[in-house]
Amino acid sequence: MIEFRDVTYIHENGVKALDGITMQMDAGETIAIVGENGAGKTTLIKHVTGLLKPTSGAVLVDGVNTRETSTATLSRKVGIAFQNPDHQLFSESVQEEIAFALKNFGFPPDLVEKRVTWGLQLFGLEEYKESSPLILSGGEKKRLTLACILAWDPEVVILDEPTVGQDAIQKEKLAGTIKMLGSTGKTVVVVSHDIEFLWPLQPRVVVMKSGRIVADGPAPELMTKKEMLESARVAEPQLVSFYQALSRRPESPFVDALEARLWIEEGEASHRGGSAVT
Amino acid sequence: MDKILEIEELSFRYPEAAKKAVDSFNLDIGESEIVVLAGPSGCGKSTLLRTINGLIPHMYNGDYSGDVRVAGSSVRASSMRDLAQIVGFLFQNPENQIFMFTVERDIAFGLENLGVPRPEMRRRVDEAISLLGIGNISQRAPHELSDGQKQRVALAGVLAMRPRLIILDEPTSLLDPKTAMELVDLVARLRKELGTTFVVVEHRLDLLVRVADRIVVMDAGAKVLDGTPRDVLFSEAADGYGVAVPSVTQVQKMLARDGLVADGKIYSAKELASIMERRGA
(Lines give C-alpha, C1' and ligand atoms only; values in the text may rest on other atoms or scores of the structure.)
Protein backbone atom coordinates (compact mmCIF):
# COMPACT_ATOMS: atom_id res chain seq x y z
CA MET A 1 0.00 0.00 0.00
CA ILE A 2 2.80 2.39 0.96
CA GLU A 3 6.38 2.07 -0.16
CA PHE A 4 9.42 4.12 0.80
CA ARG A 5 12.34 3.67 -1.60
CA ASP A 6 15.61 4.94 -0.15
CA VAL A 7 13.98 8.18 1.00
CA THR A 8 16.16 11.01 2.26
CA TYR A 9 14.71 14.34 3.31
CA ILE A 10 16.81 17.39 4.04
CA HIS A 11 15.18 20.44 5.65
CA GLU A 12 15.78 23.91 4.24
CA ASN A 13 18.19 24.57 7.11
CA GLY A 14 20.32 21.61 5.98
CA VAL A 15 19.25 19.17 8.71
CA LYS A 16 18.81 15.64 7.43
CA ALA A 17 15.46 14.54 8.89
CA LEU A 18 15.16 11.24 7.01
CA ASP A 19 18.19 9.24 5.98
CA GLY A 20 17.79 6.39 3.51
CA ILE A 21 14.38 5.04 4.57
CA THR A 22 13.29 1.91 2.74
CA MET A 23 10.16 0.18 3.96
CA GLN A 24 6.79 -1.12 2.93
CA MET A 25 3.46 -0.94 4.74
CA ASP A 26 0.75 -3.33 3.61
CA ALA A 27 -3.05 -3.22 3.66
CA GLY A 28 -4.42 -4.50 6.98
CA GLU A 29 -1.23 -3.76 8.89
CA THR A 30 -1.20 -1.72 12.08
CA ILE A 31 2.17 -0.02 12.41
CA ALA A 32 3.44 1.87 15.44
CA ILE A 33 6.25 4.35 14.86
CA VAL A 34 8.22 5.07 18.01
CA GLY A 35 11.46 6.83 18.88
CA GLU A 36 12.93 9.86 20.56
CA ASN A 37 11.79 13.44 20.00
CA GLY A 38 13.23 14.65 16.71
CA ALA A 39 13.85 11.15 15.33
CA GLY A 40 11.92 11.95 12.13
CA LYS A 41 8.60 10.25 12.90
CA THR A 42 6.35 13.16 11.93
CA THR A 43 8.51 13.93 8.87
CA LEU A 44 8.06 10.32 7.79
CA ILE A 45 4.26 10.37 7.93
CA LYS A 46 4.08 13.74 6.17
CA HIS A 47 5.69 11.97 3.22
CA VAL A 48 2.79 9.53 3.04
CA THR A 49 0.27 12.35 2.70
CA GLY A 50 2.43 14.12 0.13
CA LEU A 51 2.76 17.18 2.38
CA LEU A 52 6.50 16.65 2.09
CA LYS A 53 8.29 15.28 -0.96
CA PRO A 54 11.58 13.37 -0.63
CA THR A 55 14.84 15.20 -1.37
CA SER A 56 15.95 11.94 -2.95
CA GLY A 57 14.27 8.56 -3.33
CA ALA A 58 10.52 8.01 -3.79
CA VAL A 59 7.34 7.39 -1.82
CA LEU A 60 4.58 5.36 -3.49
CA VAL A 61 1.01 5.24 -2.21
CA ASP A 62 -1.03 2.49 -3.82
CA GLY A 63 1.55 2.40 -6.62
CA VAL A 64 1.43 6.16 -7.29
CA ASN A 65 4.54 8.26 -6.75
CA THR A 66 3.65 11.16 -4.39
CA ARG A 67 5.70 13.46 -6.61
CA GLU A 68 3.43 12.75 -9.57
CA THR A 69 0.10 13.44 -7.89
CA SER A 70 -1.54 16.19 -5.84
CA THR A 71 -2.01 16.28 -2.08
CA ALA A 72 -5.74 16.62 -2.73
CA THR A 73 -5.84 13.37 -4.74
CA LEU A 74 -3.75 11.59 -2.14
CA SER A 75 -5.99 12.75 0.70
CA ARG A 76 -8.85 10.62 -0.66
CA LYS A 77 -6.69 7.57 0.12
CA VAL A 78 -4.76 8.82 3.13
CA GLY A 79 -6.37 10.40 6.20
CA ILE A 80 -4.14 12.00 8.80
CA ALA A 81 -4.97 13.29 12.29
CA PHE A 82 -2.22 15.71 13.26
CA GLN A 83 -0.68 15.99 16.69
CA ASN A 84 -2.25 19.40 17.19
CA PRO A 85 -5.98 19.30 16.29
CA ASP A 86 -6.11 23.11 16.10
CA HIS A 87 -4.26 22.83 12.79
CA GLN A 88 -7.16 21.11 11.10
CA LEU A 89 -10.40 22.36 12.67
CA PHE A 90 -12.03 25.40 11.09
CA SER A 91 -15.78 24.86 10.57
CA GLU A 92 -18.66 26.65 12.27
CA SER A 93 -19.96 23.53 13.98
CA VAL A 94 -18.83 20.05 14.90
CA GLN A 95 -21.21 18.39 12.43
CA GLU A 96 -20.14 20.70 9.60
CA GLU A 97 -16.55 19.86 10.38
CA ILE A 98 -17.22 16.17 9.79
CA ALA A 99 -19.30 16.91 6.69
CA PHE A 100 -16.68 19.22 5.15
CA ALA A 101 -14.41 16.68 3.47
CA LEU A 102 -17.34 14.44 2.55
CA LYS A 103 -18.97 17.29 0.62
CA ASN A 104 -15.62 18.14 -0.97
CA PHE A 105 -15.22 14.58 -2.16
CA GLY A 106 -18.71 14.78 -3.67
CA PHE A 107 -20.55 12.31 -1.43
CA PRO A 108 -24.36 12.45 -1.90
CA PRO A 109 -26.21 14.44 0.85
CA ASP A 110 -27.95 11.42 2.41
CA LEU A 111 -24.63 9.59 2.75
CA VAL A 112 -23.01 12.71 4.24
CA GLU A 113 -25.72 12.81 6.87
CA LYS A 114 -25.34 9.12 7.70
CA ARG A 115 -21.57 9.37 8.03
CA VAL A 116 -21.81 12.48 10.21
CA THR A 117 -24.20 10.75 12.60
CA TRP A 118 -21.96 7.70 12.65
CA GLY A 119 -18.88 9.80 13.47
CA LEU A 120 -20.63 11.78 16.20
CA GLN A 121 -21.80 8.57 17.87
CA LEU A 122 -18.56 6.62 17.56
CA PHE A 123 -16.55 9.38 19.21
CA GLY A 124 -19.11 10.50 21.78
CA LEU A 125 -19.57 13.96 20.29
CA GLU A 126 -23.36 14.02 19.73
CA GLU A 127 -24.01 16.60 22.43
CA TYR A 128 -21.69 19.06 20.67
CA LYS A 129 -22.93 18.65 17.10
CA GLU A 130 -24.23 22.23 16.89
CA SER A 131 -21.32 23.70 18.89
CA SER A 132 -18.20 25.34 17.52
CA PRO A 133 -15.21 22.97 17.48
CA LEU A 134 -13.31 25.71 19.32
CA ILE A 135 -15.20 25.16 22.59
CA LEU A 136 -14.21 21.49 22.78
CA SER A 137 -11.56 20.29 25.21
CA GLY A 138 -8.20 19.17 23.83
CA GLY A 139 -9.16 15.50 24.02
CA GLU A 140 -12.52 16.12 22.33
CA LYS A 141 -10.87 18.04 19.49
CA LYS A 142 -8.56 15.10 18.89
CA ARG A 143 -11.55 12.78 18.68
CA LEU A 144 -13.28 15.14 16.27
CA THR A 145 -10.32 15.12 13.85
CA LEU A 146 -10.48 11.33 13.92
CA ALA A 147 -14.21 11.32 13.20
CA CYS A 148 -13.61 13.67 10.24
CA ILE A 149 -11.04 11.36 8.69
CA LEU A 150 -12.77 8.04 9.27
CA ALA A 151 -15.99 9.46 7.80
CA TRP A 152 -14.59 9.45 4.27
CA ASP A 153 -13.19 5.94 4.71
CA PRO A 154 -9.58 6.36 3.51
CA GLU A 155 -7.45 3.26 2.87
CA VAL A 156 -4.65 4.57 5.04
CA VAL A 157 -5.26 6.15 8.46
CA ILE A 158 -2.41 8.00 10.14
CA LEU A 159 -2.67 9.07 13.76
CA ASP A 160 -0.02 11.38 15.24
CA GLU A 161 -0.04 11.10 19.05
CA PRO A 162 -3.75 10.20 19.24
CA THR A 163 -3.81 9.54 23.01
CA VAL A 164 -2.80 13.02 24.18
CA GLY A 165 -5.58 14.37 26.38
CA GLN A 166 -7.53 11.09 26.35
CA ASP A 167 -8.59 9.34 29.54
CA ALA A 168 -8.46 5.56 29.99
CA ILE A 169 -12.00 4.97 28.71
CA GLN A 170 -11.40 7.02 25.55
CA LYS A 171 -8.07 5.28 25.00
CA GLU A 172 -9.77 1.91 25.19
CA LYS A 173 -12.37 3.02 22.63
CA LEU A 174 -9.59 4.33 20.41
CA ALA A 175 -7.76 1.00 20.66
CA GLY A 176 -11.01 -0.74 19.66
CA THR A 177 -11.37 1.57 16.66
CA ILE A 178 -7.79 0.88 15.55
CA LYS A 179 -8.37 -2.88 15.79
CA MET A 180 -11.60 -2.52 13.82
CA LEU A 181 -9.81 -0.55 11.08
CA GLY A 182 -7.06 -3.18 10.90
CA SER A 183 -9.58 -5.99 10.57
CA THR A 184 -11.29 -4.23 7.66
CA GLY A 185 -8.03 -4.14 5.72
CA LYS A 186 -6.99 -0.53 6.39
CA THR A 187 -3.38 0.40 6.85
CA VAL A 188 -3.16 2.14 10.23
CA VAL A 189 -0.04 4.07 11.19
CA VAL A 190 0.18 5.32 14.78
CA VAL A 191 2.96 7.65 15.88
CA SER A 192 3.04 7.64 19.67
CA HIS A 193 5.17 7.95 22.78
CA ASP A 194 2.44 6.16 24.73
CA ILE A 195 4.00 2.70 24.86
CA GLU A 196 1.39 1.43 27.33
CA PHE A 197 -1.32 2.27 24.80
CA LEU A 198 0.50 0.70 21.87
CA TRP A 199 1.47 -2.59 23.52
CA PRO A 200 -2.00 -4.26 23.71
CA LEU A 201 -2.53 -3.45 20.01
CA GLN A 202 0.44 -5.74 19.28
CA PRO A 203 1.36 -3.72 16.21
CA ARG A 204 4.29 -4.02 13.90
CA VAL A 205 6.78 -1.66 15.53
CA VAL A 206 9.13 0.64 13.65
CA VAL A 207 11.79 2.23 15.85
CA MET A 208 13.36 5.42 14.52
CA LYS A 209 16.49 7.27 15.55
CA SER A 210 18.21 10.24 13.87
CA GLY A 211 16.19 9.88 10.66
CA ARG A 212 16.85 6.17 10.28
CA ILE A 213 14.91 2.99 11.03
CA VAL A 214 16.89 1.12 13.68
CA ALA A 215 14.45 -1.77 14.14
CA ASP A 216 11.30 -3.03 12.44
CA GLY A 217 9.30 -6.09 13.52
CA PRO A 218 6.37 -7.47 15.52
CA ALA A 219 5.79 -5.97 19.00
CA PRO A 220 6.56 -9.12 21.04
CA GLU A 221 9.92 -9.39 19.30
CA LEU A 222 11.01 -5.74 19.46
CA MET A 223 9.48 -4.54 22.70
CA THR A 224 11.50 -7.07 24.67
CA LYS A 225 14.83 -5.70 23.38
CA LYS A 226 15.59 -3.41 26.27
CA GLU A 227 18.96 -2.12 25.09
CA MET A 228 17.77 -1.33 21.58
CA LEU A 229 14.70 0.48 22.98
CA GLU A 230 16.79 2.49 25.41
CA SER A 231 19.21 3.58 22.71
CA ALA A 232 16.16 5.06 20.93
CA ARG A 233 14.92 6.55 24.24
CA VAL A 234 11.89 4.27 24.32
CA ALA A 235 10.90 2.34 27.44
CA GLU A 236 9.62 -1.21 27.53
CA PRO A 237 5.94 -1.70 28.43
CA GLN A 238 5.27 -2.44 32.13
CA LEU A 239 3.88 -5.89 31.34
CA VAL A 240 7.08 -6.75 29.48
CA SER A 241 9.17 -5.76 32.54
CA PHE A 242 6.91 -7.88 34.70
CA TYR A 243 7.14 -10.81 32.31
CA GLN A 244 10.91 -10.58 32.11
CA ALA A 245 11.29 -10.47 35.87
CA LEU A 246 9.58 -13.86 36.19
CA SER A 247 11.88 -16.88 35.98
CA ARG A 248 9.09 -19.29 35.07
CA ARG A 249 6.98 -17.67 32.37
CA PRO A 250 4.94 -18.32 29.22
CA GLU A 251 6.49 -18.24 25.74
CA SER A 252 5.55 -14.68 24.90
CA PRO A 253 4.87 -11.62 27.11
CA PHE A 254 1.40 -10.87 28.46
CA VAL A 255 -0.60 -8.70 26.09
CA ASP A 256 -2.81 -7.25 28.81
CA ALA A 257 -3.37 -7.37 32.56
CA LEU A 258 -6.12 -9.95 32.26
CA GLU A 259 -3.83 -12.36 30.44
CA ALA A 260 -1.20 -11.96 33.18
CA ARG A 261 -3.78 -12.59 35.89
CA LEU A 262 -5.10 -15.74 34.22
CA TRP A 263 -1.61 -17.15 33.76
CA ILE A 264 -0.68 -16.49 37.40
CA GLU A 265 -3.92 -17.91 38.72
CA GLU A 266 -3.57 -21.05 36.64
CA GLY A 267 -0.08 -21.47 38.11
CA GLU A 268 -1.45 -20.97 41.62
CA ALA A 269 -4.19 -23.54 41.03
CA SER A 270 -1.78 -26.17 39.74
CA HIS A 271 0.60 -25.37 42.59
CA ARG A 272 -2.17 -25.93 45.13
CA GLY A 273 -3.21 -29.09 43.25
CA GLY A 274 0.38 -30.34 43.34
CA SER A 275 0.85 -29.75 47.05
CA ALA A 276 -2.43 -31.55 47.79
CA VAL A 277 -0.99 -34.73 46.25
CA THR A 278 2.25 -34.71 48.25
CA MET B 1 1.79 21.32 56.97
CA ASP B 2 0.92 24.79 55.69
CA LYS B 3 -1.70 25.01 53.02
CA ILE B 4 -0.58 26.51 49.74
CA LEU B 5 -3.90 26.08 47.94
CA GLU B 6 -7.41 26.16 49.37
CA ILE B 7 -10.42 25.78 47.12
CA GLU B 8 -13.71 26.28 48.91
CA GLU B 9 -17.14 25.53 47.42
CA LEU B 10 -15.95 26.74 44.03
CA SER B 11 -18.42 26.84 41.15
CA PHE B 12 -17.90 28.35 37.72
CA ARG B 13 -20.12 28.47 34.68
CA TYR B 14 -18.97 29.91 31.34
CA PRO B 15 -21.37 32.41 29.74
CA GLU B 16 -24.05 30.60 27.72
CA ALA B 17 -22.92 27.18 28.96
CA ALA B 18 -25.76 24.99 30.19
CA LYS B 19 -23.76 23.27 32.92
CA LYS B 20 -21.22 24.45 35.44
CA ALA B 21 -17.67 23.58 34.39
CA VAL B 22 -16.65 23.40 38.06
CA ASP B 23 -19.33 22.50 40.57
CA SER B 24 -19.08 22.94 44.38
CA PHE B 25 -15.43 21.94 44.34
CA ASN B 26 -13.37 21.69 47.53
CA LEU B 27 -9.65 20.95 47.72
CA ASP B 28 -6.76 21.72 50.08
CA ILE B 29 -3.16 21.20 49.02
CA GLY B 30 -0.28 21.40 51.47
CA GLU B 31 3.13 22.96 50.88
CA SER B 32 5.49 20.68 48.84
CA GLU B 33 2.87 18.12 47.92
CA ILE B 34 2.85 16.55 44.45
CA VAL B 35 -0.79 16.14 43.46
CA VAL B 36 -2.01 14.55 40.24
CA LEU B 37 -5.28 15.84 38.84
CA ALA B 38 -7.04 13.26 36.67
CA GLY B 39 -10.46 12.69 35.15
CA PRO B 40 -12.22 12.25 31.80
CA SER B 41 -11.55 14.79 29.06
CA GLY B 42 -14.00 17.65 29.42
CA CYS B 43 -14.45 17.06 33.17
CA GLY B 44 -13.38 20.58 34.11
CA LYS B 45 -9.66 20.10 34.82
CA SER B 46 -8.52 22.94 32.55
CA THR B 47 -11.14 25.27 34.00
CA LEU B 48 -10.03 24.41 37.52
CA LEU B 49 -6.41 25.21 36.63
CA ARG B 50 -7.50 28.59 35.28
CA THR B 51 -9.15 29.40 38.61
CA ILE B 52 -5.82 28.75 40.35
CA ASN B 53 -3.59 30.89 38.14
CA GLY B 54 -6.23 33.63 38.04
CA LEU B 55 -7.18 33.51 34.35
CA ILE B 56 -10.61 32.87 35.87
CA PRO B 57 -12.06 35.27 37.00
CA HIS B 58 -9.60 37.93 35.77
CA MET B 59 -9.64 37.11 32.04
CA TYR B 60 -12.77 35.01 31.57
CA ASN B 61 -16.35 36.03 32.22
CA GLY B 62 -18.85 33.73 33.84
CA ASP B 63 -20.71 32.93 37.06
CA TYR B 64 -18.17 32.52 39.83
CA SER B 65 -18.93 31.55 43.40
CA GLY B 66 -16.89 30.19 46.28
CA ASP B 67 -13.25 31.02 46.82
CA VAL B 68 -9.75 29.99 45.76
CA ARG B 69 -6.86 31.00 48.02
CA VAL B 70 -3.23 30.65 47.00
CA ALA B 71 -0.72 31.07 49.84
CA GLY B 72 -3.54 32.56 51.89
CA SER B 73 -4.59 35.24 49.39
CA SER B 74 -7.86 35.06 47.53
CA VAL B 75 -7.25 34.72 43.78
CA ARG B 76 -10.25 36.89 43.07
CA ALA B 77 -8.78 39.74 45.12
CA SER B 78 -5.20 39.36 43.84
CA SER B 79 -3.79 40.89 40.68
CA MET B 80 -2.48 38.67 37.87
CA ARG B 81 0.91 40.25 38.53
CA ASP B 82 0.97 39.15 42.17
CA LEU B 83 -0.35 35.70 41.29
CA ALA B 84 2.37 35.23 38.67
CA GLN B 85 4.95 35.32 41.47
CA ILE B 86 3.23 32.56 43.43
CA VAL B 87 1.79 30.28 40.76
CA GLY B 88 3.78 29.05 37.78
CA PHE B 89 2.15 27.37 34.80
CA LEU B 90 3.80 25.01 32.34
CA PHE B 91 1.76 24.43 29.22
CA GLN B 92 1.48 21.08 27.48
CA ASN B 93 3.27 22.42 24.43
CA PRO B 94 6.39 24.41 25.40
CA GLU B 95 6.23 26.24 22.09
CA ASN B 96 3.31 28.18 23.53
CA GLN B 97 5.58 29.82 26.03
CA ILE B 98 9.07 30.16 24.61
CA PHE B 99 9.71 32.71 21.90
CA MET B 100 12.80 34.83 22.60
CA PHE B 101 16.05 34.78 20.62
CA THR B 102 18.11 32.95 23.19
CA VAL B 103 17.31 30.49 25.93
CA GLU B 104 18.70 32.89 28.54
CA ARG B 105 16.53 35.77 27.37
CA ASP B 106 13.55 33.50 27.37
CA ILE B 107 14.10 32.46 30.95
CA ALA B 108 14.48 36.13 31.95
CA PHE B 109 11.30 37.21 30.15
CA GLY B 110 8.90 36.92 33.09
CA LEU B 111 11.33 38.68 35.42
CA GLU B 112 11.81 41.54 32.95
CA ASN B 113 8.06 41.97 32.86
CA LEU B 114 7.97 42.30 36.62
CA GLY B 115 10.80 44.85 36.52
CA VAL B 116 13.12 42.77 38.69
CA PRO B 117 16.49 44.61 39.04
CA ARG B 118 19.22 43.29 36.75
CA PRO B 119 21.59 41.74 39.33
CA GLU B 120 18.67 39.87 40.91
CA MET B 121 17.49 38.81 37.46
CA ARG B 122 20.97 37.48 36.63
CA ARG B 123 21.05 35.51 39.87
CA ARG B 124 17.64 33.93 39.33
CA VAL B 125 18.25 33.06 35.68
CA ASP B 126 21.59 31.42 36.56
CA GLU B 127 19.95 29.51 39.37
CA ALA B 128 17.18 28.20 37.09
CA ILE B 129 19.73 27.24 34.43
CA SER B 130 21.81 25.30 36.91
CA LEU B 131 18.79 23.59 38.52
CA LEU B 132 17.71 22.27 35.13
CA GLY B 133 21.20 21.52 33.85
CA ILE B 134 20.81 23.56 30.66
CA GLY B 135 23.96 25.73 30.88
CA ASN B 136 25.26 24.20 27.65
CA ILE B 137 22.33 25.55 25.66
CA SER B 138 21.78 28.91 27.37
CA GLN B 139 22.96 30.92 24.34
CA ARG B 140 21.11 28.82 21.73
CA ALA B 141 17.88 29.84 20.03
CA PRO B 142 14.89 28.02 21.58
CA HIS B 143 13.49 26.93 18.20
CA GLU B 144 16.66 24.93 17.48
CA LEU B 145 16.18 22.74 20.53
CA SER B 146 14.64 19.29 20.89
CA ASP B 147 11.19 19.01 22.47
CA GLY B 148 12.65 17.76 25.74
CA GLN B 149 15.06 20.70 25.87
CA LYS B 150 12.26 23.16 25.04
CA GLN B 151 10.24 21.71 27.91
CA ARG B 152 13.20 22.32 30.25
CA VAL B 153 13.64 25.89 29.03
CA ALA B 154 9.94 26.61 29.59
CA LEU B 155 10.18 25.11 33.08
CA ALA B 156 13.30 27.18 33.80
CA GLY B 157 11.34 30.31 32.87
CA VAL B 158 8.66 29.26 35.35
CA LEU B 159 11.21 28.48 38.09
CA ALA B 160 12.99 31.81 37.69
CA MET B 161 9.83 33.44 39.04
CA ARG B 162 10.34 31.31 42.17
CA PRO B 163 6.71 30.25 42.39
CA ARG B 164 5.61 28.25 45.40
CA LEU B 165 3.11 26.30 43.33
CA ILE B 166 3.73 25.00 39.81
CA ILE B 167 0.95 23.68 37.62
CA LEU B 168 1.94 21.24 34.86
CA ASP B 169 -0.64 20.50 32.16
CA GLU B 170 0.08 17.04 30.68
CA PRO B 171 3.81 17.75 30.75
CA THR B 172 4.94 14.38 29.41
CA SER B 173 2.48 13.89 26.57
CA LEU B 174 4.79 15.17 23.84
CA LEU B 175 7.98 13.69 25.27
CA ASP B 176 9.57 10.37 24.41
CA PRO B 177 9.37 7.82 27.25
CA LYS B 178 12.93 8.39 28.54
CA THR B 179 12.64 12.17 28.45
CA ALA B 180 9.26 11.89 30.19
CA MET B 181 10.83 9.85 33.01
CA GLU B 182 13.59 12.44 33.37
CA LEU B 183 10.98 15.19 33.71
CA VAL B 184 9.14 13.26 36.41
CA ASP B 185 12.43 12.74 38.28
CA LEU B 186 13.11 16.45 37.94
CA VAL B 187 9.75 17.32 39.51
CA ALA B 188 10.57 15.06 42.47
CA ARG B 189 14.00 16.68 42.84
CA LEU B 190 12.66 20.27 42.71
CA ARG B 191 10.09 19.44 45.36
CA LYS B 192 12.85 18.06 47.56
CA GLU B 193 15.37 20.85 46.99
CA LEU B 194 13.07 23.88 46.78
CA GLY B 195 9.96 22.65 48.56
CA THR B 196 7.84 23.57 45.53
CA THR B 197 4.28 22.26 45.36
CA PHE B 198 3.20 20.64 42.09
CA VAL B 199 -0.26 20.10 40.63
CA VAL B 200 0.07 17.87 37.58
CA VAL B 201 -2.69 17.12 35.10
CA GLU B 202 -1.76 13.79 33.60
CA HIS B 203 -3.46 10.80 32.04
CA ARG B 204 -0.36 8.64 31.92
CA LEU B 205 -0.16 7.61 35.56
CA ASP B 206 2.44 4.89 34.93
CA LEU B 207 5.16 7.53 35.23
CA LEU B 208 3.76 9.66 38.02
CA VAL B 209 2.63 7.19 40.67
CA ARG B 210 6.27 6.81 41.73
CA VAL B 211 6.49 10.41 42.91
CA ALA B 212 2.92 11.57 43.59
CA ASP B 213 1.57 12.02 47.12
CA ARG B 214 -2.05 12.24 46.07
CA ILE B 215 -4.37 11.70 43.15
CA VAL B 216 -7.49 13.84 42.83
CA VAL B 217 -10.08 12.69 40.30
CA MET B 218 -12.69 15.04 38.81
CA ASP B 219 -15.86 14.18 36.98
CA ALA B 220 -18.49 16.59 35.63
CA GLY B 221 -16.89 19.50 37.48
CA ALA B 222 -16.90 17.82 40.90
CA LYS B 223 -14.24 16.06 42.93
CA VAL B 224 -15.05 12.35 43.03
CA LEU B 225 -11.88 10.73 44.42
CA ASP B 226 -9.06 12.13 46.55
CA GLY B 227 -6.41 9.99 48.21
CA THR B 228 -2.97 8.43 48.04
CA PRO B 229 -2.13 6.78 44.69
CA ARG B 230 -2.62 3.43 46.38
CA ASP B 231 -6.10 4.32 47.67
CA VAL B 232 -7.28 5.82 44.41
CA LEU B 233 -5.86 3.20 42.04
CA PHE B 234 -7.14 0.29 44.13
CA SER B 235 -10.61 1.76 44.55
CA GLU B 236 -13.44 0.11 42.64
CA ALA B 237 -14.55 3.52 41.39
CA ALA B 238 -11.28 4.39 39.63
CA ASP B 239 -12.06 2.39 36.48
CA GLY B 240 -15.44 4.07 36.03
CA TYR B 241 -13.89 7.55 35.95
CA GLY B 242 -11.41 6.68 33.26
CA VAL B 243 -8.41 6.69 35.60
CA ALA B 244 -5.55 4.99 33.75
CA VAL B 245 -4.55 2.33 36.26
CA PRO B 246 -1.04 1.26 35.13
CA SER B 247 -1.03 -2.27 33.67
CA VAL B 248 1.06 -3.93 36.38
CA THR B 249 -1.11 -2.26 39.02
CA GLN B 250 -4.15 -3.68 37.21
CA VAL B 251 -2.62 -7.14 37.56
CA GLN B 252 -1.93 -6.51 41.26
CA LYS B 253 -5.46 -5.18 41.73
CA MET B 254 -7.03 -8.30 40.22
CA LEU B 255 -4.76 -10.66 42.15
CA ALA B 256 -5.49 -8.75 45.36
CA ARG B 257 -9.24 -9.11 44.80
CA ASP B 258 -8.71 -12.85 44.58
CA GLY B 259 -6.62 -12.78 47.76
CA LEU B 260 -3.34 -13.77 46.07
CA VAL B 261 -1.32 -10.66 46.86
CA ALA B 262 -1.47 -7.80 49.35
CA ASP B 263 -2.73 -4.37 48.27
CA GLY B 264 -1.12 -2.24 50.98
CA LYS B 265 1.18 -0.54 48.49
CA ILE B 266 1.65 -0.29 44.75
CA TYR B 267 4.31 -2.71 43.55
CA SER B 268 6.61 -2.11 40.62
CA ALA B 269 6.81 -4.75 37.86
CA LYS B 270 9.92 -6.25 39.47
CA GLU B 271 8.46 -6.27 43.01
CA LEU B 272 5.26 -7.96 41.88
CA ALA B 273 7.21 -10.54 39.89
CA SER B 274 9.45 -11.37 42.87
CA ILE B 275 6.41 -11.73 45.17
CA MET B 276 4.75 -14.12 42.74
CA GLU B 277 8.03 -16.06 42.45
CA ARG B 278 8.26 -16.48 46.21
CA ARG B 279 4.68 -17.71 46.35
CA GLY B 280 5.41 -20.22 43.60
CA ALA B 281 8.63 -21.46 45.24
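Q: In what order do the strands of the open 6-stranded sheet of chain B come?
A: This is a predicted model, where local features need pLDDT of at least 70, side-chain atom pairs count only at pLDDT 80 or more, and totals for chains, interfaces and linings use all residues. Residues are numbered from 1 along each chain as its sequence is written, while chains are lettered from A and ligands numbered from 1 in the order in which they are written. Helices (H or I, at least four residues) and strands (E, at least two) are DSSP runs, numbered from the N terminus, and two strands pair if DSSP finds at least two bridges between them. The pairing here is mixed, and the order reads β6-β7-β8-β3-β9-β10 (chain B).

Q: Which strands stand at the edges of that sheet?
A: An edge strand here has a single partner strand, so one side of it is left without a neighbour in the sheet. That picks out β6 (87–90) and β10 (222–227) of chain B.

Q: Which residue of β8(B) stands opposite Leu37(B)?
A: Strand β3 (residues 34–38) and strand β8 (residues 197–201) of chain B run parallel and are joined by 4 bridges. Opposite Leu37(B), β8(B) places Val201(B).

Q: What angle does the direction of α6(B) make with that of β6(B)?
A: Two residues are in contact if their C-beta atoms, placed from the backbone, lie within 7 Å. Helix α6(B) packs on the sheet, where it touches β6 and β7 (165–169) of chain B. Its direction makes an angle with that of β6(B) of about 170 degrees.

Q: Over in chain A, which glycine in the turn of the β1(A)–β2(A) hairpin has a positive phi?
A: Strands β1 (residues 2–10) and β2 (residues 16–25) of chain A pair in the antiparallel sense over 6 bridges, with Tyr9(A) standing opposite Leu18(A). There are 5 residues between the two strands. The one with a positive phi of about 90 degrees is Gly14(A).

Q: Which residue of β4(A) stands opposite Ile2(A)?
A: β1(A) also pairs with strand β4 (residues 56–61) of chain A, in the antiparallel sense and over 5 bridges. Across from Ile2(A), you'll find Val61(A).

Q: How far apart are the end C-alpha atoms of helix α4 (residues 109–122) of chain A?
A: The expected span of a helix is 1.5 Å times one less than its number of residues. The 14 residues of this helix should therefore span 20 Å, and the end C-alpha atoms agree with that: they are apart by 20 Å.

Q: Within what arc do the buried residues of α4(A) fall?
A: A residue is buried if 20 or more other C-beta atoms, placed from the backbone, lie within 10 Å of its own, exposed if 12 or fewer, and partly exposed in between. In α4(A), the buried ones are Val112(A), Arg115(A), Val116(A), Gly119(A) and Leu120(A). They line one face of the helix, because seen down its axis (taking directions from the axis to the C-beta atoms) they fall within an arc of 135 degrees.

Q: Which exposed residues does the face of α4(A) turned away from its buried side carry?
A: The buried residues themselves pack against α3 (94–104) and α5 (138–151) of chain A. The face turned away from them carries Asp110(A), Leu111(A) and Gln121(A).

Q: Is Gln202(A) buried, exposed or partly exposed?
A: Gln202(A) lies in the loop between α7 (195–198) and β9 (204–209) of chain A, and its phi is near 45 degrees, a positive value in a residue other than glycine. Because it has 18 C-beta neighbours inside 10 Å, it counts as partly exposed.

Q: Which residue is joined to Ile56(B) by a cis peptide bond?
A: Omega of this bond is about 10 degrees.

Q: Which element gives the most to the side of chain B that touches chain A?
A: In all, 41 residues of chain B are in contact with 39 residues of chain A. The elements giving two or more residues to chain B's side are α6 (147–160), α7 (177–194), α11 (247–257) and α12 (269–280). With 8 residues, the one giving the most is α12(B).

Conventions
Axes are lines fitted to C-alpha atoms, for helices over the stretch in contact, and angles run from 0 to 180 degrees between N-to-C directions.
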